[in-house]
Amino acid sequence: MAATPFDQSMIITIERHILEEQSGHPEATGMLTSLLYDIALAGKLIASRTTRAGLAEILGSTTDVNIQGETVMKLDQLADQSMYRLNDHTGRLACMASEEHEGILPIPERFPTGKYVLLYDPLDGSSNIDYNASIGTIFAIYRRLSTDGPGTLADCLQPGRDMVAAGYMIYGSSTMLVYTSGHGVHGFTLDPAIGEFLLTHPNIRIPENPKYYSTNQGYQRYWSRGIQHYTHWLQGLEGENKPLSARYIGSLVGDFHRNLLSGGVFYYPADTQDPTKPHGKLRLVYECAPLAFIAAQAGGCASDGQQDILDITPTSLHQRVPLFIGNYSLVQAAEDFIRQYD
Ligand code: FDP
């Protein structure tokens, strides 16, 4: 029978999908399933706030400055608190870490601790909030390394390869949640009428013929020779390549999401613009590693220009690394140009 919008057998909620994935693992306790579901709930809450962002009482900056030296916007704080509060009492986490805070976020003593750690960037791309462009929440889940009691910094500084699950929520023309627990990448769209994330993009694979390159070309004068040549190659000015189209929102989740569905490469290389940031702008544990895990699960990859992002063991929570992410061939080409010219 042909599917209609009301064919209920076609409707797979995120809860059903996560539970079905769990049923393939008889040893699973259900804790990860519940954790993912709590994150999805935080996503719904943040989505409901971001869609009201134009309303005066929550739009605009606070006077606080976060540890990255950026002005914190109120929505960042709302998103940060939503993620923390929905996960602090469940007994599933040993600790958390958020891009908005300098150190790890302990679980309050009155609540039990659990076997996972959650790292998140509550509202990535937040400089776009005032302009109605897509923004997102990125998360990564690891198994704790410590055996019991409060979680530790070491629990949060694990290489991306050891990640258990990762995902992002994107708040755009619709709200989507995209996640992987190591068995493919799956995308869900929030149906605001019923308040549920429904499976709309099962088994996402990065298309083999890439369409886009995404970078902030305004910084070109600060780039190394390798990056200059790489960019010319992507533009078809060097070599035999057909030029790729340029697309850059300046919101990592938005740029990554588009390239995941259309094929392409996003890069934020090291540059000489700011001597205090010699490795680019993006944070390894909050942004690069989780998206690298998703890219790899979708058939792509991510590199810092020399090695796979997933192989880097972080040395601090707010460590920054250059990022090249997307189709495997385009990321490998970046490494080749860097090796040849830099
Ligand atoms: P934002 O500062 O708006 O939060 O790392 C944060 C980030 O956005 C990414 O989402 C985005 O890709 C990048 O910074 C944009 O930086 P530029 O403005 O330097 O291009």
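Me: Does P278 count as buried, exposed or partly exposed?
Reply: This is a predicted model: local features need pLDDT of at least 70, side-chain atom pairs need pLDDT 80 or more, and totals for chains, interfaces and linings use all residues. Residues are numbered from 1 along each chain as its sequence is written, and side-chain values use heavy atoms, leaving out hydrogens and water. Buried means under 20% relative accessible area, exposed over 50%, and partly exposed in between (1.4 Å probe, protein chains only). P278 has 44% relative accessibility, so P278 counts as partly exposed.

Me: Which residues does P278 touch, not counting those up to four places away in sequence?
Reply: P278 sits in the loop between β13 and α7 (284-297). Helices (H or I, at least four residues) and strands (E, at least two) are DSSP runs, numbered from the N terminus. Contact means heavy atoms within 4.5 Å. Leaving out residues up to four places away, P278 touches A270 and D271.

Me: Is N132 buried or exposed?
Reply: N132 belongs to the loop between β5 (116-124) and β6 (135-143). Its phi is positive, about 65 degrees, although N132 is not a glycine. Most residues other than glycine have a negative phi. With 77% relative accessibility, N132 counts as exposed.

Me: What is the phi of N203?
Reply: N203 lies in the loop between β10 (196-201) and β11 (212-214). N203 counts as exposed because its relative accessibility is 52%. N203 is not a glycine, yet its phi is positive, at about 50 degrees.

Me: How is α5 placed against α8: roughly parallel, roughly antiparallel, roughly perpendicular or oblique?
Reply: The axes of α5 (residues 225-234) and α8 (residues 328-341) come within 8 Å and cross at roughly 140 degrees. Axes are lines fitted to C-alpha atoms, for helices over the stretch in contact, and angles run from 0 to 180 degrees between N-to-C directions. Angles under 35 degrees count as roughly parallel, over 145 as roughly antiparallel, 65 to 115 as roughly perpendicular and the rest as oblique. Therefore α5 and α8 are oblique.

Me: Which residues of α8 are buried?
Reply: α8 has 14 residues and reaches 20 Å from its first C-alpha to its last. That is close to the 20 Å expected at 1.5 Å a residue, where the expected span is 1.5 Å times one less than the number of residues. The cover over its buried residues includes α5, β13 (264-268), β14 (301-303) and β15 (323-326). The buried residues of α8 are L330, V331, A333, A334, E335, F337 and I338.
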